[in-house]
Amino acid sequence: MTRITFLGTGTSHGVPVIGCHCPVCLSSDFRDKRWRSSVYIEKGNTAVVIDTGYEFRLQCLRSGIERLDAVLYTHQHSDHLMGLDDLRVFTGERKLPVYGFPHVLSGIERIFPYAFSEMPYKGVPRLEKRNVGEGERFSVGELSFTAIPVMHGCMRIAGYRFGNVAYITDVSDMLLDENMENLKGVRILIAGALRDRPHWSHFTFAQAVESGRAIGAEKVYFTHINHETAARDIESRFAPYAEGAYDTLTLEVDDE
């Protein structure tokens, strides 16, 4: 059994957006409070997080996260990265492995060079790069992953499959012609779906649903959602096949 906790389900602005007084930003529905997108994955004694956005520390405190064996990065945009410094509580005297495509990890190292150096100062995270190739399968403890290349606008970034789940955020093209084999058998697709209106670097809700059906997924969860659509409206329009994930939502997924 794999346990998935949505630490954040919002877009780069988060929801509510600073200074915005739209109905979603003013909503009292807890599902409309969206921190930057990230998921925490547990299986047995293994715990992994995908991406560390601005609220990473707060997300860990809210969800009671006290252990971490590795970090997987989709790409180096700041809303998926800038909580990296708070990884230091999970390192101590050991180096924490971080996985991603080589160009992604190189970009992260340019932003946080001290985290990958042998700096003697103890108050910094100690991280070790683990480069993965497109379509490569790798393991972290009891969890096995496949790195899925997708397009985020003009950027080629990573999604990750683990068991019967695929987590693919910030996506504008799932490159199904080259990824279909690695997506075969996915039952749950967690896909970035920004809004209804088309966007050059993100799926709409309809595109996420279409991709889920194309790969034969039984269920689609939207993430990386902006402030244009309330949770109740997503639910009324797309359930039961698809629904909006929300911060703190937890899924228990059978690995069979």
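For these notes, buried means under 20% relative accessible area, exposed over 50%, and partly exposed in between, using a 1.4 Å probe and protein chains only. Helices (H or I, at least four residues) and strands (E, at least two) are DSSP runs, numbered from the N terminus.

I'm working on a predicted model, where local features need pLDDT of at least 70, side-chain atom pairs count only at pLDDT 80 or more, and totals for chains, interfaces and linings use all residues. Residues are numbered from 1 along each chain as its sequence is written, and side-chain values use heavy atoms, with hydrogens and water left out.

**Helix α4**

I started with α4, residues 205–215, and looked up its buried residues: Phe-205, Ala-208, Val-209, Ser-211, Gly-212 and Ile-215. They sit on the same side of α4 because they cover an arc of only 160° around the axis (the arc is that of the directions from the helix axis to the C-beta atoms). Which exposed residues does the face turned away from the buried side carry? I found Glu-210 and Arg-213 there.

Next I checked what the buried residues of α4 pack against, with contact meaning heavy atoms within 4.5 Å. My list reads α3 (176–183), β11 (188–192), β12 (219–223), α5 (231–238) and β13 (242–244). Just after α4, I noted Gly-216 with a positive phi of about 80°.

Gly-8 lies in strand β1, residues 2–8. I get 0% relative accessibility for Gly-8, so it counts as buried. Leaving out residues up to four places away in sequence, Gly-8 touches Trp-35, Arg-36, Ser-37, Ser-38, Gln-59, Thr-223 and Asp-247.

Val-89 I located in the loop between β4 (70–72) and β5 (96–100). Its relative accessibility is 66%, so Val-89 counts as exposed.

Strand β7 (residues 137–140) has Phe-138 and Val-140 on its covered face, while Arg-137 and Ser-139 are on the uncovered one. How many bridges join β7 to β8? There are 4, and β7 and β8 (residues 143–152) run antiparallel. Val-140 has Leu-143 of β8 as its bridge partner. The hairpin has 2 residues between the strands, and in it Gly-141 takes a positive phi near 55°.

A reminder to myself: most residues other than glycine have a negative phi, and most peptide bonds are trans.

I found a cis peptide bond from Val-15 to Pro-16, with omega near 5°. Pro-16 is in the loop between β1 and β2 (38–43). Another cis bond joins Ala-239 and Pro-240, with omega about 10°; Pro-240 is in the loop between α5 and β13.

Asp-170 lies in the loop between β10 (165–168) and α3, and its 2% relative accessibility makes it buried. Thr-248 also has a positive phi, of about 85°, although it is not a glycine. I placed Thr-248 in the loop between β13 and β14 (250–253). Buried or exposed, or in between? Thr-248 is partly exposed, with a relative accessible area of 35%.

Terms used:
Two strands pair if DSSP finds at least two bridges between them.
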